[in-house]
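Biologist: I'm new to this one. Could you walk me through how to read its pockets and its helix packing?

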Amino acid sequence: MIEIKDISKSFGKNAILKGMNVTIEKGEVVVILGPSGSGKSTFLRCINFLERADAGEISIGQTKVEFKKAKSKEILAVRRKTAMVFQQYDLFLHKSAIENVVEGLIIARKEPKEEAYKKGLELLSKVGLKDKRDAYPHQLSGGQQQRVGIARALALNPEVILFDEPTSALDPELVGETLDVIKHVAQTGVTMIIVTHEMSFAYEIADRVIFMEDGVIVEQGSPEELFEQTKEERTKQFLARFSR
């Protein structure tokens with residue numbers, strides 16, 4: 001479903017991604033682990049052109065695009081197939097929860113307001129926030145804001161959802177509620193790529209785990225293979241603190 005070939009990205013002389021190749025099947029949940037600075041978030045941002053990769057190509061379904069040469073129309077085609085959930089929620093502060101969810105449907109997808117709001121309310125119900133439809137971000141906890149962000153991503157009916165450390169900005173007691181929502185979404189068969197530091201969550205939710213460092217994939221496999229039958233010494237060192 002998704003194939004990324006030879007993706008490379010540098011900031012100045014600092015090479016962040018070094019020719020990575022990743023293939024993800026439809027409905028697969030792939031979790032990416034790695035130390036800070038390994039290129040995980042940059043990889044996600046390059047997939048939907050929030051950053052422009054220096055080289056490589058991406059195929060999503062029948063859409064195939066070269067990162068460096070992609071024109072606006074091609075970038076839009078990729079973005080219509082993807083949605084992103086950010087670390088810092090990135091909600092419109094002057095819009096209510098329901099308005100944040102339906103914004104993309106009305107503005108980008110040109111859906112009638114009545115239909116968009118009906119869909120938005122269904123999605124807020126799905127993430128447990130139907131009663132917060134008219135609340136503004138400052139009236140919501142961090143976990144609630146992140147769940148609005150997940151509902152917003154789902155509203156676009158993407159072929160793949162990219163989660164960039166979705167719990168990193170949350171207070172510890174709010175992490176669980178967000179992870180539970182992501183688990184629920186995963187059970188619906190949506191393709192996901194998740195960058196996270198939550199090891200137990202990764203073990204539980206992933207079909208495949210990728211460990212990357214210094215812009216390359218060090219090791220990948222099923223959660224059982226990576227956590228219990230690790231082959232690479234660097235992966236063992238990173239996972240040493242994990243216990244189920």
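This is a predicted model: local features need pLDDT of at least 70, side-chain atom pairs count only at pLDDT 80 or more; totals for chains, interfaces and linings use all residues.

Biologist: Okay, pockets then. Which element gives the most to the lining of the largest pocket?

Modeller: The general idea is that rolling a probe the size of a water molecule over the atoms shows where empty space is left. In this structure, the largest pocket holds about 570 Å³ of space. It is lined by 21 residues, and Arg-79, Thr-82, Ala-83, Met-84 and Leu-156 are the closest to its centre. Two or more lining residues come from each of α2 (72-79), β6 (82-85), α3 (97-107) and α5 (142-155). The top contributor is α3, with 5 residues.

Biologist: What is that lining like by class?

Modeller: It has 11 nonpolar, 4 polar and 6 charged residues.

Biologist: And how much space lies in the second largest pocket?

Modeller: About 150 Å³. Its lining includes Leu-123, Leu-154, Ile-161 and Val-185. By class, that lining has 6 nonpolar, 2 polar and 1 charged residues.

Biologist: Now the helices. How are α5 and α6 oriented to each other?

Modeller: Two packed helices are described by the angle between their axes and the distance between the axes. Here α5 and α6 (residues 172-186) pack at about 15 degrees, with their axes 8 Å apart. Angles under 35 degrees count as roughly parallel, so α5 and α6 are roughly parallel to each other. Among the residues making the contact are Ile-150 and Leu-154 of α5, and Val-181 and Val-185 of α6.

Methods:
Residues are numbered from 1 along each chain as its sequence is written. Side-chain values use heavy atoms; hydrogens and water are left out. On a 1 Å grid over the protein atoms alone, a cavity is a set of points where a 1.4 Å probe fits but cannot get out, and a pocket is an open set with protein on both sides within 12 Å along at least five of seven lines; lining residues have an atom within 4 Å of a point. Grid points are joined across faces, edges and corners, and a volume is the space filled by probe spheres set on the points. Helices (H or I, at least four residues) and strands (E, at least two) are DSSP runs, numbered from the N terminus. Ala, Val, Leu, Ile, Met, Phe, Trp, Tyr, Cys and Pro count as nonpolar, Asp, Glu, Lys and Arg as charged, and the others, Gly among them, as polar. Axes are lines fitted to C-alpha atoms, for helices over the stretch in contact, and angles run from 0 to 180 degrees between N-to-C directions. Angles under 35 degrees count as roughly parallel, over 145 as roughly antiparallel, 65 to 115 as roughly perpendicular and the rest as oblique. Contact means heavy atoms within 4.5 Å.
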